[in-house]
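Dear colleague,

Please find the sequence and the structure below. The notes that follow set out what was found.

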Amino acid sequence: MASYNFGKIGHSLQDLKVSFSVNNLFNQNYFGGLYGTAAMSGDNNAILYQAAPREYFGTISAEF
């Protein structure tokens, strides 16, 4: 994650902040979670979830 705070810009914008992040940067395949409760009645097998592929997120925030 990277972010930058531009501070006060003009008379009305304060604390203008831009953020950007990447999840699973190298786009690897792996198990992202384990759910231990049975999926069906009487089934005692754990369920493995594959992790999400590479994802990008961006945010812009400011105070007025």
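A definition is needed at the outset. Patches are made of residues with over 30% relative accessible area and no salt bridge; like charges are joined within 9 Å, and nonpolar side chains (Val, Leu, Ile, Met, Phe, Trp, Tyr) within 5 Å. A salt bridge, in turn, is a side-chain nitrogen of Lys or Arg within 4 Å of a carboxyl oxygen of Asp or Glu. Accessible areas come from the Shrake-Rupley method with a 1.4 Å probe, and for residues only the protein chains shown count as cover.

Please note the basis of the values. This is a predicted model, in which local features need pLDDT of at least 70 and side-chain atom pairs count only at pLDDT 80 or more, while totals for chains, interfaces and linings use all residues. Residues are numbered from 1 along each chain as its sequence is written, and side-chain values use heavy atoms, with hydrogens and water left out.

The chain as a whole

The protein chain has 0 helices and 5 strands; helices (H or I, at least four residues) and strands (E, at least two) are DSSP runs, numbered from the N terminus. The order of its elements from the N terminus is β-β-β-β-β. Of the 64 residues in the protein chain, 9% are buried. Here buried means under 20% relative accessible area, exposed over 50%, and partly exposed in between, with a 1.4 Å probe and protein chains only. The protein chain exposes about 5500 Å², of which carbon and sulfur atoms supply 55%. Among its contacts (heavy atoms within 4.5 Å) with a separation of 6 or more, 45% are between residues 24 or more positions apart.

The nonpolar patch

Which residues form the nonpolar patch on the surface? The patch consists of Y4, F6, I9, V18 and I60, and together they have about 510 Å² of accessible area. Strand β1 (residues 2–9) gives the most to this patch, with 3 residues. Y4 is placed in strand β1.

The aromatic pairs

The structure holds 2 aromatic pairs. Rings of Phe, Tyr and Trp (its six-membered ring) pair if their centres lie within 6.5 Å; planes under 30 degrees apart count as stacked, over 60 as edge-to-face and the rest as tilted. The ring centres of Y4 and F6 are 4.8 Å apart and their planes stand at 75 degrees, so this pair is edge-to-face. Y4 is exposed because its relative accessibility is 52%, and F6 counts as partly exposed at 44%.

F20 and Y56 make a stacked aromatic pair, with 6.3 Å from centre to centre and 20 degrees between the planes. Since F20 belongs to strand β2 (residues 13–23) and Y56 to strand β5 (residues 55–63), the pair ties together parts that are 36 residues apart in sequence. F20 is partly exposed, with a relative accessible area of 44%, whereas Y56 counts as exposed at 52% relative accessibility.

Two serines of strand β2

Are S19 and S21 buried or exposed? S19, in strand β2, is buried at 13% relative accessibility. Leaving aside neighbours within four places in sequence, S19 is in contact with M1, A2, S3, F57, G58 and T59. S21 also lies in strand β2 and is buried, with a relative accessible area of 18%. Not counting residues up to four places away in sequence, S21 touches M1, E55, Y56 and F57.

Strands β3 and β4

Strand β3 (residues 31–35) is hardly covered, as the count of buried residues among its 5 residues is 0. Strand β3 runs antiparallel to strand β4 (residues 47–50), and 4 bridges join them; two strands pair if DSSP finds at least two bridges between them. G33 has Y49 as its bridge partner in β4.

Positive phi values

Most residues other than glycine have a negative phi. D15, which is not a glycine, has a positive phi near 55 degrees. D15 is placed in strand β2 and counts as partly exposed at 38% relative accessibility. N24 is not a glycine either, and its phi is positive at about 55 degrees. N24 sits in the loop between β2 and β3 and is buried at 15% relative accessibility.

Yours sincerely
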